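Have a look at the structure, try each task yourself, and then read on.

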Amino acid sequence: MPGDITAEAQTAALELAVALAAIIFLVVLAMAIRLGGDPRIRSEDEARRLAETSLAGFHPVEVGLDRAGIGALLRDGQGRIMLIRRHGVHFVARLLDGHAGSRLNQNFLIVASGERRFGSITLDLGAKAQVWVSHLRRLGA
Amino acid sequence: MTGVLGPAGWAIPVFVALIVTEMLWAKGNSPTAYEPRDTFTSLMLGLGSLIAGALAAGTIYAAATWLYGFRIATIGWAWWAWLAAFVLDDFNYYWAHRTGHRVRWFWASHVNHHSSQHYNLSTALRQTWTGFVALSFVFRIWPVLLGFDPAMLIAVGGINLVYQFWIHTEAIKRLPRPVEAIFNTPSHHRVHHATNPAYLDRNYAGALIVWDRLFGTFQPERDDVRPNYGIVRQLGSFNLLWAAFHEWWAMAADFLRAPWRHKLSYLVREPGWSHDGSRQTTAMIRSHWREPDEPPQAS
């Protein structure tokens, strides 16, 4: 019956609206009571631990840590380079497979992961930025 | 709420109240237990899953009813039938879930439940949109052939799903030993959501942990190994659509790129498998990470 279908559609729309309102309420509550955080990598050791946790068998021999601790580059004995960046209150890592999209601007190195949704990050590596550009170039384009 | 959201709609007010309670606990104890963007993604995945489930329910019920016509007995609605249906459905859940982690086709559907790096009650609602497409339901409907009524199976499946909500929390440490011995608990399920090598691919239970103990996949939570949550290759995005479909996308890309003789393997082998060995499976990760004093692991 058309009337029944209309009533069911209205009920469904109401249910979805209530569920959506509940979701918005919970997210706003999480923001209001300041859940979350501003994580930083506080040391090279912490960066190493994050890298080893992210990829089995990756043992860093060199660390380039952003001065603010928002990310890091790490190189292992096989010449592989890992990029670590923040994601919410956690960190995520990717092995880089080339230097395409990476640029140097004085002490700042813009590193592109090559993965659209992972994006790129600008790292303040200080004087080490030049060294890391060289490492990245060895990966090829 | 029994329209588009089905019986699960009734549980929503309880879910909301418990999430609020856990958030208030987190405020005082562990502010990083929640991240608003992650919470939004998880809850929207939950809402989408309810809609997808409602759309598929009619087809699944029709399939179960059709199969019911070939039953070998008629079990009826006695109290013991409910109990038997629940235990059998939980057994089926164990194998469906285990397959969901060990076969990439099913993993593509299940992965979004694991792709948050958080472990809280909102993670519980982070459910698949593509379970029907993956045909995961075939693991659960066969007991109608024994004579269990399709409606009873759907009801106990719903109870199982609701049971699993409360175990997605860090607020509860460990429960009394008899409970931990029989039931899936927050401690057991934290292990399941962890990416630590000692914890990978363990504790597939729904409501009863006895299946893991029986089939060699049980791993107790260790005081010296704090769980790192998420997936081996963390998603790194809060994008809702990417969270829902990323593994389907990746699997399709692998399938298209692979040599012909390896194409099927990218659908049916374990996640992380690659024909050139360039990626890591659970077994490879374990071999890299095994600690000298780590106890032997079940395979």
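This is a predicted model: local features need pLDDT of at least 70, side-chain atom pairs count only at pLDDT 80 or more; totals for chains, interfaces and linings use all residues.

**Exercise 1.** Find which residues of α3(B) meet which residues of α8(B), and describe how the two helices pack.

*Solution.* Start with the contact list. From α3(B) come Ala81(B), Trp82(B), Ala85(B), Phe86(B), Asp89(B), Asp90(B) and Tyr93(B); they meet Met152(B), Leu153(B), Val156(B), Gly157(B), Ile159(B) and Asn160(B) of α8(B). Two residues are in contact here if their C-beta atoms, placed from the backbone, lie within 7 Å. Helices (H or I, at least four residues) and strands (E, at least two) are DSSP runs, numbered from the N terminus.

Next, sort the residues by class: this contact has 9 nonpolar, 2 polar and 2 charged residues. Ala, Val, Leu, Ile, Met, Phe, Trp, Tyr, Cys and Pro count as nonpolar, Asp, Glu, Lys and Arg as charged, and the others, Gly among them, as polar.

Now the geometry. Helix α3 (residues 79-102) of chain B packs against helix α8 (residues 150-163) of chain B at an angle of about 65°, and their axes are 9 Å apart. Axes are lines fitted to C-alpha atoms, for helices over the stretch in contact, and angles run from 0 to 180 degrees between N-to-C directions.

Residues are numbered from 1 along each chain as its sequence is written, and chains are lettered from A and ligands numbered from 1 in the order in which they are written.

**Exercise 2.** Work out the strand order of the sheet in chain A, and which helix packs on the sheet.

*Solution.* First, the order: 4 strands make an open, antiparallel sheet, β1-β2-β3-β4 of chain A. Strands pair if DSSP finds at least two bridges between them. At the edges, β1 (60-65) and β4 (90-96) of chain A each pair on one side only. From one strand to the next, the twist averages 25°.

Then the helix: α2 (residues 44-54) of chain A packs on the sheet and touches β1, β2, β3 and β4 of chain A, its direction making about 120° with that of β1(A).

Finally, zoom in on one pair. Strands β2 (residues 71-76) and β3 (residues 81-87) of chain A are joined by 5 bridges, and Leu74(A) has Met82(A) as its bridge partner in β3(A).

**Exercise 3.** Describe the side of chain A that touches chain B.

*Solution.* Count: 29 residues of chain A are in contact with 37 residues of chain B. On the chain A side, α1 (2-32) and β4 each supply at least two residues, and α1(A) gives the largest share, 14 residues. By class, this side has 17 nonpolar, 8 polar and 4 charged residues.

**Exercise 4.** Are Arg34(A) and Asn203(B) buried or exposed?

*Solution.* Arg34(A), in the loop between α1 and α2 of chain A, has a positive phi near 60°. Arg34(A) counts as exposed because it has 10 C-beta neighbours inside 10 Å (exposed means 12 or fewer other C-beta atoms within 10 Å, buried 20 or more, partly exposed in between, with C-beta atoms placed from the backbone).

Asn203(B) also has a positive phi, about 55°, and sits in the loop between α10 (186-193) and α11 (210-215) of chain B. Asn203(B) has 26 C-beta neighbours inside 10 Å, so Asn203(B) counts as buried.
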